[in-house]
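Subject: Structure handover

Dear colleague,

Please find below the sequence and the structure I promised to pass on. My notes on what turned up in it follow.

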Amino acid sequence: MDRGTCLWLLSSFCVWGASRGARETVLGTLGKATFLRIPPPFQELTARFGAAVWKRDTEDPHSKQVLLKYSDGNYINYMQEQTRFHQANFSLEILNTSRQDRQLYEYIVSKEREEKVWQIQLEVYEPVSAPRIQVLGGTEANDSLTVTLNCTAERGDRVSYSWAGASRLCARNGSVLHLSYSPRNASLACSCTCTAANPVSRRAVAFNASECGREPQGGAGLRTGHLVLVLVVPVVAAGALAAGCTALRAAGAKQERAPLAEDGAVHTIYSQVQRAEV
């Protein structure tokens with residue numbers, strides 16, 4: 001059997017296969033436009049027989065909502081404020097996707113006394129907001145610094161988190177990253193990026209530090225029993241540094257870092273990490 005025959009059989013199955021029609025899943029983004037497209041075989045059937053209808057499920061399992069009717073080049077859109085019909089390929093555009101649009105849609109072509117059905121399951125996701133990194137705590141023991149970072153996004157459906165960077169110490173899946181390293185290698189250990197993602201979006205924020213170790217000469221000096229953590233972060237909107245980059249005063253205190261801003265200027269923030277007794 002040659003390739004052309006195989007493709008023809010596959011197309012025939014998609015069009016004439018199951019009694020309830022072939023199905024695909026489309027991912028829609030909350031608040032944005034979503035296109036529900038039909039495959040070329042169904043476009044050809046519509047052009048040939050000249051009658052089709054868009055429907056979708058309702059909360060009542062015994063009824064469906066008619067969205068649009070097409071007949072011989074003319075159509076009636078019953079939801080003009082919510083949808084747009086593209087007659088060139090018979091696709092349906094949802095203008096401002098909402099959670100209520102998460103339904104099973106059907107495109108039905110009438111062929112004399114038969115109906116051929118293409119089904120689309122629409123899944124709607126809220127996009128991920130810009131994530132933030134919190135320093136949950138840190139300790140120093142045996143010339144090793146351990147810092148615990150937590151990455152979270154306030155908004156988004158089914159958000160997953162991952163860490164990456166120049167060092168293998170940054171490679172981890174999940175929102176929490178435990179960094180344990182010698183302060184002498186701080187430049188690599190502290191260049192870690194957290195990515196928050198879901199099926200329709202992804203956002204990233206970097207935990208950048210020029211040095212994660214003892215305070216450099218000319219600073220305020222190292223207090224007994226503490227390690228100074230020196231962070232370099234970009235300037236953000238006024239007040240954000242005070243609210244989002246508060247100093248880490250002791251182990252277990254929280255420090256929040258705002259997402260990267262377009263402003264390239266930097267501030268150096270000194271905070272203290274409790275040295276564990278050994």
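Among contacts in the protein (heavy atoms within 4.5 Å) between residues at least 6 apart in sequence, 60% join residues at least 24 apart. Please note that this is a predicted model, in which local features need pLDDT of at least 70 and side-chain atom pairs count only at pLDDT 80 or more, while totals for chains, interfaces and linings use all residues. Residues are numbered from 1 along each chain as its sequence is written, and side-chain values use heavy atoms, with hydrogens and water left out.

Overall make-up

The secondary structure comes to four helices and 19 strands. Both are DSSP runs numbered from the N terminus, with helices being H or I of at least four residues and strands E of at least two. Of the 278 residues, 42% count as buried; buried means under 20% relative accessible area, exposed over 50%, and partly exposed in between, with a 1.4 Å probe and protein chains only. The protein exposes about 15300 Å², of which carbon and sulfur atoms supply 48%. These areas come from the Shrake-Rupley method with a 1.4 Å probe, and for residues only the protein chains shown count as cover.

Disulfides

Taking a disulfide as a pair of cysteine sulfur atoms within 2.5 Å, the count comes to two. In one, the sulfur atoms of Cys151 and Cys194 are 2.0 Å apart. The torsion about their S-S bond is about -90 degrees, so this disulfide is left-handed. Cys151 lies in strand β11 (residues 144-152) and Cys194 in strand β15 (residues 192-198), so the pair ties together parts that are 43 residues apart in sequence. Cys151 and Cys194 are buried.

Cys170 and Cys192 form a disulfide too, with their sulfur atoms 2.0 Å apart. The link of Cys170 and Cys192 is left-handed, with -65 degrees about the S-S bond. Because Cys170 sits in the loop between β12 (160-165) and β13 (172-173) and Cys192 in strand β15, the pair ties together parts 22 residues apart in sequence. Both Cys170 and Cys192 are buried.

Nonpolar cores

A nonpolar core here is a set of buried Ala, Val, Leu, Ile, Met, Phe, Trp, Tyr and Cys residues joined through side-chain atoms within 4.5 Å. The largest has 22 residues, and those with the most contacts inside it are Leu36, Ile38, Trp54, Tyr105, Tyr107 and Ile120. Elements that give two or more residues to this core include α2 (40-49), β3 (51-57), β8 (104-111) and β9 (114-125). The largest share, four residues, comes from β9. Leaving aside residues up to four places away in sequence, Ile120 touches Glu24, Val26, Leu36, Arg37, Trp54, Gln103, Leu104 and Tyr105. A second, separate core of 19 residues includes Ile133, Leu149, Leu179 and Cys192.

A four-stranded sheet

Strands pair if DSSP finds at least two bridges between them. Four strands form an open sheet in the order β13-β12-β15-β16, with antiparallel pairing. β13 and β16 (201-207) stand at the edges, each with a single partner strand, so one side of each is left without a neighbour in the sheet. Two bridges join β12 to β13, and Trp163 stands opposite Arg172 in β13.

One more residue

Gln134 is found in strand β10 (residues 132-141). Gln134 counts as buried because its relative accessibility is 18%. The C-alpha atoms of Gln134 and Thr148, 14 residues apart along the chain, are separated by 8.4 Å.

Regards
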